[in-house]
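Dear colleague,

I am passing on the structure below, together with some notes on its charged side-chain contacts. Please read them with the coordinates open.

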Amino acid sequence: MGKQDTGMPADGDRGVGGNADGIGDDAVLGATGRPREEWFALLDEAGATGWKHQAIANRLVTEHGVDPWWAQAVTVGYEQARGIRLPGQRQDGTFEVSVTRTVAGDVEPALRALAAVVTAQTGARPLALNLAAKYPTARFPLDGGEFLLASASARGAGKTSIGLVRGRMARGDDLAGAKQTLRSWLAAVTVDSVG
């Protein structure tokens, strides 16, 4: 598998960070027993640039005992470092961005408030509002097969983390703009106190 033509600028300056920006080298070493570059060299030696994502991750788990979550992280980092995958790009070739914010309030009213902002901004109603789930979410359909996923999770001390994911974007040329839009929607959320 080689580099994909995504219509992106050659320098990759899309305003979103890669895997290495979010997961430090010390964290990779501490969790896997090897530094990132050593994993990449080992995968290069095995010919992994021609493998599918799952094959790379499976090899790290089965042959090297890497925890599955860390195997995914190393695999994504490897794919980005070798030009197989761009930051923000999913395994299926589509793109995704996400943002979070912590608000004062409980989970259910926070998710309801976030869902109301998304509906006001998009005109779409959620396909489902899963308030009783372990990880409450609301999923919104968008044009072209894209979606928005709103989520809320308790952070303790009367605070809730709210988040938005915009997924299945066909192109990755305005991920920074998409993130900025989602951030503005999160900023518009106000949570009514309960009780």
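With which residue does R82 form a salt bridge, and how far apart are the closest N and O atoms? The partner is D44, and the closest N and O atoms are 2.7 Å apart, where a salt bridge is a side-chain nitrogen of Lys or Arg within 4 Å of a carboxyl oxygen of Asp or Glu. This pair links distant parts of the chain, since R82 sits in the loop between α5 (68-81) and β1 (95-104) and D44 in helix α3 (residues 36-46), 38 residues apart.

Please bear in mind that this is a predicted model, in which local features need pLDDT of at least 70 and side-chain atom pairs count only at pLDDT 80 or more, whereas totals for chains, interfaces and linings use all residues. Residues are numbered from 1 along each chain as its sequence is written, and side-chain values use heavy atoms, leaving out hydrogens and water.

Helices (H or I, at least four residues) and strands (E, at least two) are DSSP runs, numbered from the N terminus. Within helix α4 (residues 53-64), E63 and R59 lie four residues apart, about one turn of the helix, and they form a salt bridge with closest N and O atoms 3.4 Å apart.

As for accessibility (buried under 20% relative accessible area, exposed over 50%, partly exposed in between; 1.4 Å probe, protein chains only), R82 is partly exposed at 28% and D44 is partly exposed at 33%. E63 is exposed at 52%, while R59 counts as partly exposed at 26%.

Over the whole structure, the search finds nine salt bridges.

Best regards
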